[in-house]
Amino acid sequence: MPEKSMDNAMEAASGAHFSGLRLSSSSSAPSSPSSAKASSVRSFSPSAAASAASAAAGAHRQPFVIGVSGGTASGKTTVCDMIIQQLHDHRVVLVNQDSFYRGLTAEESERVQDYNFDHPDAFDTEQLLECMGKLKDGQSVNVPIYDFKNHRRCSESFRKVNASDVIILEGILVFHDQRVRDLMDMKIFVDTDADIRLARRIRRDTVERGRDVNSVLEQYGRFVKPAFDDFVLPSKKYADVIIPRGGDNHVAIDLIVQHIRTKLGQHDLCKIYSTVFVIQSTFQIRGMHTLIRDRDITTPDFVFYSDRLIRLVVEHGLGHLPFTEKQVVTPTGSVYMGVDFCKKLCGVSIVRSGESMENALRACCKGIKIGKILIHRDGDKGKQLIYQKLPNDIAERHVLLLDPVLATGYFLLPSNMR
Ligand SMILES: Nc1ncnc2c1ncn2[C@@H]1O[C@H](COP(=O)(O)OP(=O)(O)O)[C@@H](O)[C@H]1O
Ligand SMILES: Nc1ccn([C@@H]2O[C@H](COP(=O)(O)O)[C@@H](O)[C@H]2O)c(=O)n1
């Protein structure tokens with residue numbers, strides 16, 4: 001039998017069927033050690049379940065929001081570009097706080113040299129919050145386009161920013177307002193020496209922003225430096241990560257990208273770990289998860305349903321073991337072309353073990369050559385090691401981690417069973 005067919009057979013074993021649910025005693029489902037929950041299971045309506053499932057499937061995932069702050073010309077945009085480049089397989093959008101600079105009034109425009117663009121009041125933070133709120137909600141937004149040459153927003157054009165997996169919000173004062181900070185899952189401060197920043201700013205503002213050297217120096221001494229000391233530097237304490245030398249610090253950027261990937265992987269583990277197999281959620285599995293999460297479940301029912309879930313995980317896992325073709329002769333003398341597992345399952349780590357789990361595992365593994373079953377109990381070193389390697393909410397699903405080199409299976413069980 002080709003490997004695919006074997007997998008398909010195992011897949012079918014954990015596919016969408018209700019045999020594991022304990023329906024009423026008149027049904028053909030396995031008999032129940034306790035009927036306490038039977039009535040609630042009986043009222044399990046496929047149509048209600050279907051709408052609940054589709055609601056869950058269509059449920060909007062919260063994007064991962066990263067705030068990037070730092071002094072002017074510290075390299076914030078450069079760092080953001082590097083992160084975006086490295087996260088090429090995810091949808092990432094960049095929102096610049098600069099886009100939310102208020103347009104100047106005619107009077108302010110006349111005396112622009114007296115205007116403090118580095119004070120928090122120079123930004124329309126309410127509008128920024130509204131845009132970020134929509135993006136977090138999965139809606140696309142029109143972000144204003146700001147022109148540094150004439151200190152105005154373009155009145156007609158906007159930049160359309162689509163909902164994404166990752167939103168990066170960059171700007172000198174993005175850590176200043178607590179409401180903006182609270183939107184962020186990760187805060188990065190780009191820390192570059194003041195003299196380097198000033199040199200870059202002179203070059204950039206004269207080349208790109210239509211200024212002359214004198215006006216840059218004047219603005220820097222009068223507003224930029226004092227505001228950095230008063231508002232930007234004090235907000236550094238909110239940062240989770242400080243990157244010295246900005247875009248030159250490849251190690252820091254690599255580490256940050258790795259962290260973001262891990263966080264995103266909580267939604268899509270298979271993108272990070274090629275050896276992770278996530279069992280497809282079915283009504284049967286969700287129904288049983290619902291039952292065992294119910295605080296009113298009786299102990300016999302809990303044991304029954306958790307045992308059933310464990311069996312599904314284990315059976316699914318066994319489908320990934322290597323096998324060879326094997327012929328056997330049946331009692332009637334005919335030849336049956338079958339398969340035989342060709343390597344030993346040398347270790348199975350169960351994140352939380354209990355007698356019923358051990359029993360279920362041993363029962364499922366009957367007929368398979370098992371070298372050793374390792375059961376890690378609470379506090380075990382092995383368990384710690386497994387946890388260190390995995391994102392926090394991985395246990396929300398049934399996951400089987402197979403290491404093809406060691407042929408070791410890790411069966412992770414739902415969080416409430418830890
Ligand atoms: N590591 C670097 N080495 C040399 N120039 C840099 C470096 N990082 C940024 N720059 C330059 O400095 C200027 C400001 O960088 P930018 O990333 O736009 O900073 P910010 O967004 O903090 O204002 C740009 O002209 C950019 O090309
Ligand atoms: N019309 C404007 C608006 C802002 N600035 C300066 O921009 C700096 C912030 O942008 P960075 O890319 O350097 O982070 C800020 O320090 C303002 O002084 C300006 O000069 N003119």
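Analyst: The account below starts with the model, then turns to the strand, its sheet, the core and the ligand shells.

This is a predicted model, in which local features need pLDDT of at least 70, side-chain atom pairs count only at pLDDT 80 or more, and totals for chains, interfaces and linings use all residues. Residues are numbered from 1 along each chain as its sequence is written, while chains are lettered from A and ligands numbered from 1 in the order in which they are written.

The chain holds 15 helices and 13 strands. Helices (H or I, at least four residues) and strands (E, at least two) are DSSP runs numbered from the N terminus. Of the 418 residues, 28% are buried. Buried means that 20 or more other C-beta atoms lie within 10 Å of the residue's own; 12 or fewer makes it exposed, anything in between partly exposed, with C-beta atoms placed from the backbone.

Strand 1 covers residues 64-70. 7 of its 7 residues are buried, so strand 1 is largely enclosed by the rest of the structure. In a regular strand, side chains alternate between the two faces of the sheet. Here both faces are covered. Phe64, Ile66, Val68 and Gly70 are buried on one side; Val65, Gly67 and Ser69 are buried on the other.

Strands pair if DSSP finds at least two bridges between them.

Strand 1 runs parallel to strand 6 (residues 186-191), joined by 5 bridges. Val68 has Ile188 as its bridge partner in strand 6, and Ile66 has Met186. On strand 5, 5 bridges again join a parallel partner to strand 1. There, Gly67 stands opposite Leu169.

Now the core. Ile66, Val95, Ile167 and Ile168 touch the most other members of the largest nonpolar core, which has 36 residues. A nonpolar core is a set of buried Ala, Val, Leu, Ile, Met, Phe, Trp, Tyr and Cys residues joined through C-beta atoms within 7 Å. Strand 1, helix 4 and strand 2 are among the elements that each supply at least two residues of this core. Beyond its neighbours within four places in sequence, Ile168 contacts Ile66, Val68, Cys80, Ile83, Val92, Leu94 and Val95. Contact means C-beta atoms, placed from the backbone, within 7 Å.

Helix 4 gives the largest share, 3 residues. Of the 13 residues around ligand 1, Gly75, Lys76, Thr77, Thr78 and Arg200 come nearest. A residue is near a molecule if its C-beta atom, placed from the backbone, lies within 6 Å of it.

Lys76 is also among the residues surrounding ligand 2, including Thr72, Ala73, Asp98 and Tyr101.

Definitions and conventions: Contact = placed C-beta atoms within 7 Å.
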